[in-house]
Amino acid sequence: MHSGQTTSMHMACDPLLTRSDSRDSRYVGSGYTKAVYRVRLPGGAAVALKAVDFSGHDLGSCVREFGARRGCYRLAAHKLLKEMVLLERLRHPNVLQLYGYCYQDSEDIPDTLTTITELGAPVEMIQLLQTSWEDRFRICLSLGRLLHHLAHSPLGSVTLLDFRPRQFVLVDGELKVTDLDDARVEESPCTSSADCILEFPARNFTLLCSAQGWCEGMNEKRNLYNAYRFFFTYLLPHSAPPSLRPLLDSIVNATASLLSSPPVIWAQAPEEKSGEEREPRQSAIATLRSAGELAWGVDETLAQLEKVLHLYRSGQYLQNSTTSGSAEYQRLPDSTIAQDDYRCWPSYHHGGCLLSVFNLAEAVDVCESHAQCRAFVVTNQTTWTGRQLVFFKTGWSQVVPDPNKTTYVRASS
Ligand SMILES: Nc1ncnc2c1ncn2[C@@H]1O[C@H](COP(=O)(O)OP(=O)(O)OP(=O)(O)O)[C@@H](O)[C@H]1O
């Protein structure tokens, strides 16, 4: 790949890489300023190419106003350049990885910039609402880790002024920030706390003005409240393991407000979502008006999210909740059940009921809690936390050999 690392000066783009009409180039998305293409490299790996969108809003409105195409390009490219520098300086598992950049002449403009990054998938809130709690928790944990990194970055505390789901992408289930052109490092200057008001559509917060004349923790708290209103409130509590609910509720409450009726907010979320970027609906906003304070900072929020991960991963959340023993299951090693599928929610498989469990006892508990369940098949596949994926079945009419699976059939009722 003819690309530069951000430390080098000036590399020409490989035409095979950046030709938008090339067979392997596909438009992925665009915003006001930039357009993103997916390109498959000769070795098979896919990357994202980001450049100023020549038919985009930013360039178009500037050219209409000033008629200076090259100058307007430079203005827009400044955002891409800023983003590239921040991607490089803020390197972290939850910041999209920058692979390089290159320049090429485009239309009548010389040396237009293209950045080359990891490829992600847009954050689709409707889809996320339909996935397992485990996967939704992963996104919230990713976000917690990202905000912790931004609050303690080498550049100082970084805030994302434009914080909406579309500024993030998913890479193998991890949330990563991609749009950094609206990131800001400086805290707001102040003479009194009256200058330190964090304004949101649903509520405002007043922060302290430090002796040095900066609003204390404003960048961090802005990120945190946005994380709460766009992600945590929708993704964290719903269908979580019951024993983790109090801890999850305390995270949601402390990062922003007390939700008096989370299921109502949940029910409203799908309609919300086609515009993830839109503000929550008015009725949800009304509920949020009773908000508490931003009690926790990013450090405490992340510590609590990591605690949830520990309780979940270690199986401690299962304590006192097992009912196994009420039914006997016969073990059939190296076998699977060919049919007898039923649907459940939220399944990892569309046609059947595929769920993750911590251990055999939890698989038995799940089967006992589903009226249709008469058997289950433990696979050798695991989720990101290391839990095993298990197919739950209505019966065992056709048991077939499979060296990677173990079947359990209900022997008593
Ligand atoms: N690496 C990537 N992989 C996949 N999709 C991406 C990637 N980077 C960005 N996108 C998609 O492309 C869209 C536009 O990118 P980006 O947000 O950087 O442009 P923008 O012009 O700054 O947008 P905005 O107007 O929201 O500020 C994003 O909403 C995102 O869905």
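## Ligand shell

The ligand is surrounded by 23 residues, with G29, G31, Y32, A48 and D179 the closest. The model is predicted. By class, the shell around the ligand holds 8 nonpolar, 8 polar and 7 charged residues.

Four strands each supply at least two residues of this shell: β1 (25-30), β2 (34-40), β3 (46-52) and β5 (109-118). Strand β1 gives the most, with 3 residues. Both domain 1 (25-119) and domain 2 (122-259 + 293-316) give residues to the shell around the ligand, so the ligand lies between these two domains.

## Domain layout

The protein is divided into three parts: domain 1 (25-119), domain 2 (122-259 + 293-316) and domain 3 (329-410). Between domain 1 and domain 3, the C-alpha centres lie 46 Å apart.

## Nonpolar cores

The largest nonpolar core has 65 residues. Within this core, C140 and F231 touch the most other members. Domain 1 (25-119) and domain 2 (122-259 + 293-316) each give the core at least three residues. Another core, of 20 residues, lies apart from it, and its members include C353, L355, F376 and V390.

What does F231 touch, not counting residues up to four places away in sequence? The partners of F231 are I139, C140 and L143. In soluble globular proteins, nonpolar side chains tend to be buried together.

## A three-stranded sheet

An open sheet is formed by 3 strands in the order β6-β8-β9, with antiparallel pairing.

Strand β8 (residues 168-171) runs antiparallel to β9, and 4 bridges join the two. Across this pairing, F168 stands opposite V177 in β9.

## L150 in helix α5

Helix α5 (residues 133-151) contains L150. Is L150 buried or exposed? L150 is buried, because 26 other C-beta atoms lie within 10 Å, and the cut-off for a buried residue is 20 or more.

Its neighbours within four places in sequence aside, L150 is in contact with V158 and N223. R38 is 112 residues from L150 along the chain, and the C-alpha atoms of the two are separated by 27 Å.

How values were computed. Residues are numbered from 1 along each chain as its sequence is written. This is a predicted model: local features need pLDDT of at least 70, side-chain atom pairs count only at pLDDT 80 or more; totals for chains, interfaces and linings use all residues. A nonpolar core is a set of buried Ala, Val, Leu, Ile, Met, Phe, Trp, Tyr and Cys residues joined through C-beta atoms within 7 Å. A residue is buried if 20 or more other C-beta atoms lie within 10 Å of its own, exposed if 12 or fewer, and partly exposed in between; C-beta atoms are placed from the backbone. Domain bounds come from an automatic or database domain assignment. Two residues are in contact if their C-beta atoms, placed from the backbone, lie within 7 Å. A residue is near a molecule or strand if its C-beta atom, placed from the backbone, lies within 6 Å of it. Ala, Val, Leu, Ile, Met, Phe, Trp, Tyr, Cys and Pro count as nonpolar, Asp, Glu, Lys and Arg as charged, and the others, Gly among them, as polar. Two strands pair if DSSP finds at least two bridges between them.
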